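Please take a look at the model below.

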Amino acid sequence: MTVSTDIHFDRIVILDFGSQYTQLIARRVREANVYSEIHAFDIAPERLRAMAPRGIVLSGSPESVNAPAGYRAPDAVFELGVPVLGICYGMQSMAAQLGGEVETSDHREFGYAQVRARGHSRLLAGIEDEVNAEGHGLLDVWMSHGDRVCSLPPGFTRIASTDSAPIAGIADEERGFYGVQFHPEVTHTRQGARILRRFVHDICGCASDWTPEAIIDDCVARVCREVGDDAVLLALSGGVDSSVVAALLQRAIGDRLTCIFVDNGLLRLDEGDQVMSAFAGRLGVDVRRVDAGDQFLAALAGVSDPEEKRRRIGRTFIEIFEEQAAKLDGIRWLAQGTIYPDVIESAGATTGKAHVIKSHHNVGGLPERMHMRLVEPLRELFKDEVRAIGVELGLPPDLVHRHPFPGPGLGVRILGEVRRAYADVLRRADAIFTDELRTAGLYDSVNQAFAVYLPVRSVGVTGDQRRYEHVIAIRAVETVDFMTARWAHLPYAFLEHVSNRIINEISGVSRVVYDISGKPPATIEWE
């Protein structure tokens, strides 16, 4: 098949200076139906030119422009003749590189601020949250900076200000260069999405070609070009990513797709049956189920270190997958559910600038060992985009919108040694929590919720009898990008109801606690 529109033609390149919000910039641009991609700030000029971007965004950074090793954008950014938007540090870098001055302010701004729009720049004209008594437009924004621009570069005018940052926005309308000291990509900046849409559509001239329907057509066409008439093997986990890959490949190559679903005994309640029903039943995909709980539990016996548990789960999965794949003839491609954040984080890791908090469970090393080529249809997509095309492909909404589940499954939600009895208890506790969230209409208001089995015992009383049994922790978080998260402030009455159900209905649990840790300093998962 052919795709009539090149959905990558109108491309916005985002240069990352190390901001925690860089992925949000890319997602906001894509929400405006424009393709965007992230690259390191020190990208080779020739590579940047070869991309032929319609516009460039310079991200924020925890660094200072005035530091001895202050980051700088390639000169090519300002020589390509395309619009440029600098955000926070990106604005400061632009100003410093083009002849302005940046100083460290005595008054740092972190959090909410109100910006006064000045002049009538193409970027901000007509965009405001309210108007003051003098008729000036005001914007409610999110600030996070210590340095500030104190002198404009030649050709620039001031387009925004605050009391502590007299130059909070700059513009060179002739060249299409703009900078804002605040962060339009975060939801706290109420008009941020409008500002970014203004930049990519009105200033850069991008069309709205990045849509779920167009992404599906593009992915299907690309898979057909890559694999030709070959057969493809997919390790189907039942998670959102691998499920969407299965639906995409089934549309692209039909019965030349074979899926292997390994039930490791560490899945959520009834998850194996749900996966088989959705794919082998409703979608007609060739799915071969392997019940391997005994092998995984044997491999985990006596192991309490979380990293070692992850390694053993990954190794056991590879062994079983290789064994099953050897039974199939003519398989030349291995499909994986790699998504864009995986690509970004892998690139960051290779530079040595990223720290490993915990390893990610995947089919690491498998393609080379099996002499198979990789096909990764989702490697350009963020999780929310994966969900959107999953719905478009006809996957069950409950599957597409379910909360994230770690690759090692309950193996890293059982603290300490993993035992079958612990997994059975945790499965039921997790199901009660999830079911009650759905019943109360709270499931979609949190971004991840789950139960954790703790390796400690607590005294309890049931029917006048003493109990000395294990503790279950429940956790729910609200987050935009899963890089930072706030614990969900669920109603006390709801938590009480969940606790009572878990303790009364599940033998072996004497106490339920609620995790109120944010990320950072905690991680979302416990292991």
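In this predicted model, a polar atom of the D10 side chain lies 2.7 Å from the backbone nitrogen of A207. The D10 side chain has another partner: a polar contact of 2.6 Å joins it to the side chain of R54.

Where is D10 in the chain? It sits in the segment before β1, the strand of residues 11-16. D10 has a relative accessibility of 9%. Buried means under 20%, so D10 counts as buried. Which residues surround it? Setting aside residues up to four places away in sequence, D10 touches V34, Y35, R54, G205, C206, A207 and D209.

T479 belongs to the loop between β17 (465-478) and β18 (486-487). Its contacts, leaving out neighbours within four places in sequence, are N447, T484 and A485.

Now to the helices. Two packed helices are described by the angle between their axes and the distance between the axes.

| Helix pair | Angle between axes | Distance between axes |
|---|---|---|
| α5 (residues 212-227) and α12 (residues 383-392) | roughly 85° | within 9 Å |
| α5 and α6 (residues 240-253) | about 65° | 9 Å |

Take α5 and α12. Their axes cross at roughly 85°. That makes α5 roughly perpendicular to α12, because angles of 65 to 115 degrees count as such. Which residues of α5 and α12 meet? On the α5 side they are P212, E213, I215 and I216; on the α12 side they are A388, I389 and E392. By type, the residues of this contact between α5 and α12 comprise 5 nonpolar and 2 charged, with no polar ones.

Next come α5 and α6. Is their crossing left-handed or right-handed? The crossing of α5 and α6 is right-handed. From α5, the residues in contact are I216, C219, V220, V223, C224 and V227. From α6, they are L248, L249, R251, A252 and I253. The residues of the contact of α5 with α6 divide into 10 nonpolar and 1 charged, and no polar residue takes part.

How values were computed:
Residues are numbered from 1 along each chain as its sequence is written. This is a predicted model: local features need pLDDT of at least 70, side-chain atom pairs count only at pLDDT 80 or more; totals for chains, interfaces and linings use all residues. Side-chain values use heavy atoms; hydrogens and water are left out. Axes are lines fitted to C-alpha atoms, for helices over the stretch in contact, and angles run from 0 to 180 degrees between N-to-C directions. Helices (H or I, at least four residues) and strands (E, at least two) are DSSP runs, numbered from the N terminus. Angles under 35 degrees count as roughly parallel, over 145 as roughly antiparallel, 65 to 115 as roughly perpendicular and the rest as oblique. Contact means heavy atoms within 4.5 Å. Ala, Val, Leu, Ile, Met, Phe, Trp, Tyr, Cys and Pro count as nonpolar, Asp, Glu, Lys and Arg as charged, and the others, Gly among them, as polar. Buried means under 20% relative accessible area, exposed over 50%, partly exposed in between (1.4 Å probe, protein chains only). A polar contact is a pair of N or O atoms within 3.5 Å; within protein, one must be able to donate a hydrogen and the other to accept it, and residues adjacent in sequence count only if both atoms are side-chain atoms. A crossing is left-handed if the near helix is turned anticlockwise from the far one by less than a right angle, and right-handed if clockwise.
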